[in-house]
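Take a moment with the sequence and the 3D structure before reading on. Then follow the chain from its overall form down to single residues.

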Amino acid sequence: MLLRHTPETLADRSALTVNPAKTCQPVGAMYAALGIHNCLPHSHGSQGCCAYHRSALTRHYKDPIMATTSSFTEGASVFGGQANLLEAINNIFTIYGPDIVAVHTTCLSEVIGDDLGQIINKAIADGKIPKGKRVIHTNTPSFKGSHVTGFANMTQSMVHYLAENTGKRTGQINIIPGFVEPSDMAEIKRISSLMGVKSILFPDTSEVVNGPLDGRFHMYPKGGATVDQIRSAGDSAFTVSLGSTASLSAAKLLDTKCGIRFKDLELPIGISATDAFVDALRKAAGVSVPDSIMVERGQVVDVLTDNHQYFYGKKVALVGDPDQLVSLTQFLTDMDMKILYVVTGTPAGAKFEESIRGFTGPETIIKHGLGADLFYFHQLVKNNKPDLIFGNTYAKYIARDEDITLIRIGFPIYDRVGHQYFPVVGYRGAMRMMEKILNALLDRQDRDAPEQNFELIM
Ligand code: SF4
């Protein structure tokens with residue numbers, strides 16, 4: 001109801017965010033940490049931050065998310081959190097027995113200026129980290145960046161702490177999947193395996209946050225890349241990183257630290273981006289593309305061709321995370337849809353704008369970082385109404401107020417299921433996206449059709 005008062009007149013804002021189109025860094029760092037097998041994410045800050053980050057992930061995945069906290073109170077806020085973290089590390093290994101603890105900071109510990117590298121070294125010197133166990137960290141100040149930045153930072157930290165170049169190159173290919181769903185990570189592995197590529201994917205949250213219900217509680221579910229696998233990433237032949245915002249920094253560090261060349265690609269959402277991914281794997285591993293993948297591709301092209309008339313010229317507005325937005329823009333323009341707006345609250349850099357512009361005309365409005373919030377997005381929508389909005393659950397208020405259909409994609413999705421289990425990447429994912437879009441358009445057509453045009457057959 002309140003959103004109905006959003007004015008149509010646009011005003012430049014550089015120091016005020018209203019209804020942000022992002023969430024905070026530790027959410028992404030915690031999610032990335034869950035992609036290491038037997039890992040306990042640890043939040044170095046107050047309990048409220050950790051509770052929020054866990055609940056955001058729990059509501060999105062409908063699975064309990066395990067994480068611990070340094071539980072700052074007034075004392076830690078004044079004197080720093082070293083004592084809290086040292087005690088936490090001791091307690092975590094004693095009580096919960098993970099293989100690895102992945103620590104991220106919060107706004108409070110960042111403002112205090114806690115030096116986590118030094119604290120972890122002290123924990124090692126004091127014998128608080130059992131033999132064979134690891135503690136890694138990343139800095140995730142939430143007054144800059146977003147959940148995507150936090151995810152990127154934790155992924156980079158995995159390389160920093162764990163990847164090793166032993167001098168013996170293996171033929172395996174590293175795949176850094178970006179901030180995507182566990183279903184997407186599983187699909188990326190499936191494609192790689194169908195192609196006969198020996199790969200290691202990290203982080204890998206498949207079968208961690210979308211594990212099966214078997215009647216027993218698993219503190220550490222079956223999935224995730226093991227510490228040994230991530231260590232061996234330093235000996236791989238090549239890295240394919242997916243999504244520049246979430247994965248490029250880790251790929252670059254693997255290159256400088258371990259000398260592994262990489263190819264930076266967009267997320268494989270849509271036919272063209274999946275083609276690029278499959279081709280990169282083919283070249284990196286020296287394999288050929290099997291018929292089974294060509295069949296999947298052909299089926300997507302078939303559905304697109306059969307239904308092109310429904311996609312053609314439809315106006316769409318996109319809000320979400322930068323890596324998804326770039327690939328989605330390419331996919332939708334490939335389908336001859338017209339992109340009106342692309343908005344992300346994540347500061348995404350010039351490359352983001354360049355990439356989007358490469359697929360769209362000058363008429364598309366692109367905004368990221370400061371002032372790129374849901375309030376601004378709503379104002380744009382009021383000025384020129386799209387046929388469809390693509391966004392996360394928060395966009396549903398705008399969609400309802402403006403009577404526009406919402407296609408849910410991205411993070412978070414609190415009010416629907418499916419994203420945990422059905423991918424949007426790869427040719428299978430492209431098929432799923434097309435089905436969602438097509439059904440939404442046809443449902444709308446049926447709803448609005450006068451009696452004489454209400455057809456049985458589309
Ligand atoms: S204080 Fe900072 S880290 Fe904690 S929930 Fe708020 S934005 Fe996130």
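Predicted model: local features only at pLDDT ≥ 70, side-chain atom pairs only at ≥ 80, totals over all residues.

The chain holds 17 helices and 13 strands. Its C-alpha atoms fill a box of roughly 80 × 55 × 45 Å along the principal axes. Does the fold match a compact globule or depart from one? A compact globule of 458 residues would have a radius of gyration near 23 Å. The chain has 23 Å, so the two agree.

Now look inside. Of the 458 residues, 50% count as buried. Contacts also tell us how the chain folds back on itself. Take the contacts with a separation of 6 or more: residues 24 or more positions apart account for 73% of them.

Next, pick out helix α1, which covers residues 25–33. How many of the residues of α1 are buried? The count is 9 of the 9, so α1 is largely enclosed by the rest of the structure. The buried residues are Q25, P26, V27, G28, A29, M30, Y31, A32 and A33. A residue counts as buried when 20 or more other C-beta atoms lie within 10 Å of its own. What covers these residues of α1? The cover includes the strands β1 (39–44), β3 (100–105) and β4 (134–138). It also includes the helices α2 (47–61) and α7.

Stay with α7, at residues 147–162. The axes of α1 and α7 come within 6 Å and cross at roughly 40°. The two helices are therefore oblique to each other. Their crossing is right-handed. Which residues make this contact? From α1 come Q25, P26, V27, G28, A29, Y31, A32 and A33. From α7 come H147, V148, T149, G150, F151, N153, M154 and T155. By class, the contact has 9 nonpolar and 7 polar residues, and no charged ones.

Move on to the loops. Most residues other than glycine have a negative phi, and most peptide bonds are trans. The peptide bond from F202 to P203 is cis, with omega near -10°. P203 lies in this loop. E207 lies in the loop between β6 and α9 as well. E207 is not a glycine, yet its phi is positive, at about 65°. E207 has 16 C-beta neighbours inside 10 Å, so it counts as partly exposed.

Is H218 buried or exposed? H218 has 12 other C-beta atoms within 10 Å, so it is exposed. Now compare H218 with M458. They are 240 residues apart in sequence. In space, their C-alpha atoms are 47 Å apart.

D336 is found in the loop between α13 (322–334) and β10 (338–344). D336 is a residue other than glycine, and its phi is positive, near 70°. With 13 C-beta neighbours inside 10 Å, D336 counts as partly exposed. Further along, a cis peptide bond joins F411 and P412, with omega about 0°. P412 is found in the loop between β13 (405–408) and α17 (426–448).

Conventions. Residues numbered from 1 in each chain as written. Helix = DSSP H or I, 4+ residues; strand = E, 2+ residues; numbered from the N terminus. Rg over C-alpha atoms; globule rule 2.2 N^0.38 Å. Contact = placed C-beta atoms within 7 Å. Axes fitted to C-alpha atoms, helices over the stretch in contact; angles between N-to-C directions. Parallel < 35°, antiparallel > 145°, perpendicular 65-115°, else oblique. Left-handed = near helix turned anticlockwise from the far one by under 90°. Nonpolar A, V, L, I, M, F, W, Y, C, P; charged D, E, K, R; others polar.
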